[in-house]
Amino acid sequence: MKRAIAALVLIGAGMFLVSCGYSNPTVPTTPTSGITFRAFVSNPLSPVTGGGGAPVLNIVDASKDLLAFQRVSLFTSVPQAGMMAVSPNKKLTMVYSGSSNSIALVDNTAETIVSSGSSTLPAVLLPGSTVSMFVSKLNTEGFAAVPTAPVLGQSPGAIVRISMASNVVDALVPIPGVRFVIENNSGNTIMALSDTTNMATLVAPSLIGVSDPLTPICCFDHPVWAVFSADDTTAYILNCGPECGGTAASVSVVDIETLTITKVIPVTAATMGMISGSTLYVAGTAPGTPCGGGTAATSCGTLTTINLGSESVTGTATITDGYHSRMQMANGQIFVGATLCTNVNISGGEARGCLSMYNPSNGHVVVGTANGDVTGIQPITNRNVVYVCQGGNLRIYDTTTDALQSDQIDIIGQAVDVKLVD
């Protein structure tokens with residue numbers, strides 16, 4: 001079995017050890033921004049001479065909320081700029097293009113596509129689309145889950161490993177239907193979740209291409225996210241349940257050493273979660289959940305708090321509906337972002353979109369007044385500020401007021417994702 005999987009890995013890597021067919025232009029000589037504390041904003045529609053839009057990363061001075069004149073051009077590498085993943089050492093940024101299923105690799109210091117000699121490295125072509133990717137704690141490898149990746153002799157689905165040195169796919173690990181990948185805190189284990197097969201798989205990165213790197217764990221109800229305890233001995237797997245066409249939403253507590261589910265904690269809904277201290281926060285939208293009074297929205301979601309010591313639910317709060325896929329802690333508050341939520345925009349009255357801000361100290365929730373899907377959330381270190389990509393705009397929220405601050409940044413085009421790179 002181990003030899004068979006290892007063989008499939010090598011076959012898969014051979015099949016997809018290719019890159020996008022873009023030319024290798026000369027590396028741009030434009031001066032860098034010179035900003036020492038930067039945020040990158042992916043923008044697939046930055047205006048160009050003659051009309052239309054081109055993919056770029058806009059550069060923001062995150063200490064002053066100022067947009068730089070310089071941009072990172074992606075035009076010669078990928079046709080779009082969307083989801084991003086930054087290496088832990090902040091030196092590289094992976095930028096995903098959904099229209100071509102390709103990834104460009106950006107040198108954060110040079111503010112250009114990574115180059116080799118006088119030419120930029122071409123983008124890496126994935127064997128299908130992805131909604132989940134990261135750069136490993138080693139900073140040398142990137143991983144992406146591709147649920148439709150063709151694999152010889154078995155059902156589609158694989159984790160793609162990308163070399164950060166050359167920006168090429170150097171291994172393909174077959175896992176049927178894998179859609180989400182989450183790295184543990186120490187970087188020696190990847191949790192791979194297949195929501196269509198109701199399976200979770202532990203992957204040992206060090207064994208890829210050497211021996212069988214896979215350890216399957218059964219069984220779940222449309223698992224869509226996982227969070228590891230600080231010491232990596234426990235994984236909390238979020239079962240989407242009815243929101244994803246399943247039976248019951250819950251959090252499965254998995255003992256990593258014994259590979260067993262030790263407890264299942266029922267929750268209202270679960271698509272995204274994070275741990276802060278001894279509390280697990282879980283967000284989701286159960287079908288048909290009413291909002292109650294105070295809003296024109298007829299459907300809402302739920303934020304559940306779970307005490308990790310007792311492994312029990314300690315409270316719930318009403319948040320926006322939609323599919324929750326973004327969650328960040330910012331100055332003691334939980335920012336939760338969703339897509340496909342119920343937007344409200346009543347002239348002279350209520351305005352709300354897909355961003356919820358939860359205060360654990362008093363249990364209060366404030367829903368952002370801006371309309372639109374939330375596709376990126378980035379707390380700004382050592383400031384009372386959070387950058388949010390919402391409805392194609394970059395919004396700046398003040399965590400002391402839970403409101404949009406007076407000074408905003410106008411991204412011309414479409415703001416999709418935002419990441420700190422310093």
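Two strands pair if DSSP finds at least two bridges between them. Strands (E, at least two residues) and helices (H or I, at least four) are DSSP runs, numbered from the N terminus. This is a predicted model, in which local features need pLDDT of at least 70 and side-chain atom pairs count only at pLDDT 80 or more, while totals for chains, interfaces and linings use all residues. Residues are numbered from 1 along each chain as its sequence is written, and side-chain values use heavy atoms, with hydrogens and water left out.

View 1. E25 and E26 form a hairpin with four residues between them. In the turn, glutamate 311 has a positive phi of about 50 degrees. Eight bridges link E25 (residues 300–307) to strand E26 (residues 312–320), and the two run antiparallel. Cysteine 300 has threonine 320 in E26 as its bridge partner. E25 also pairs with strand E24 (residues 279–284), in the antiparallel sense and over six bridges. Here glycine 284 stands opposite threonine 302 in E25. Seven of the eight residues of E25 are buried; buried means under 20% relative accessible area, exposed over 50%, and partly exposed in between (1.4 Å probe, protein chains only).

**View 2. The open sheet E33-E34-E35-E36.** Four strands form this open sheet in the order given, with antiparallel pairing. Strand E33 (374–379) and strand E36 (403–404) stand at the edges with a single partner strand each, so one side of each has no neighbour in the sheet. Strand E34 (residues 385–390) and strand E35 (residues 393–398) are joined by six bridges and run antiparallel. Valine 386 is placed opposite tyrosine 397 in E35. The loop between E35 and E36 holds aspartate 402, which has a positive phi of about 55 degrees although it is not a glycine. Aspartate 402 counts as buried, at 17% relative accessibility.

**View 3. The largest nonpolar core.** A nonpolar core is a set of buried Ala, Val, Leu, Ile, Met, Phe, Trp, Tyr and Cys residues joined through side-chain atoms within 4.5 Å. The largest has 23 residues, and those with the most contacts inside it are Met94, Ile103, Leu126, Met133, Val160, Ile162 and Met164. Among the elements that give two or more residues to this core are strand E5 (92–97), strand E6 (102–107) and strand E13 (158–163). Apart from it lies another core, of 17 residues, including Ile59, Val72, Leu74 and Val421. Contact means heavy atoms within 4.5 Å. Not counting residues up to four places away in sequence, isoleucine 103 touches Val78, Met94, Val95, Tyr96, Ala123, Val124, Leu126, Met133, Ile162 and Asn167.

**View 4. Asparagine 184 in its loop.** Asparagine 184 sits in the loop between strand E15 (180–183) and strand E16 (190–194). The residue is buried, with a relative accessible area of 3%. With neighbours within four places in sequence left aside, asparagine 184 is in contact with Lys137, Thr189, Phe228 and Asp232.

View 5. The peptide bond from cysteine 218 to cysteine 219 is cis, with omega near 0 degrees. Cysteine 219 belongs to the loop between strand E18 (214–217) and strand E19 (223–228). Leucine 259, in the loop between strand E21 (250–255) and strand E22 (260–266), has a positive phi of about 60 degrees although it is not a glycine. At 33% relative accessibility, leucine 259 counts as partly exposed.
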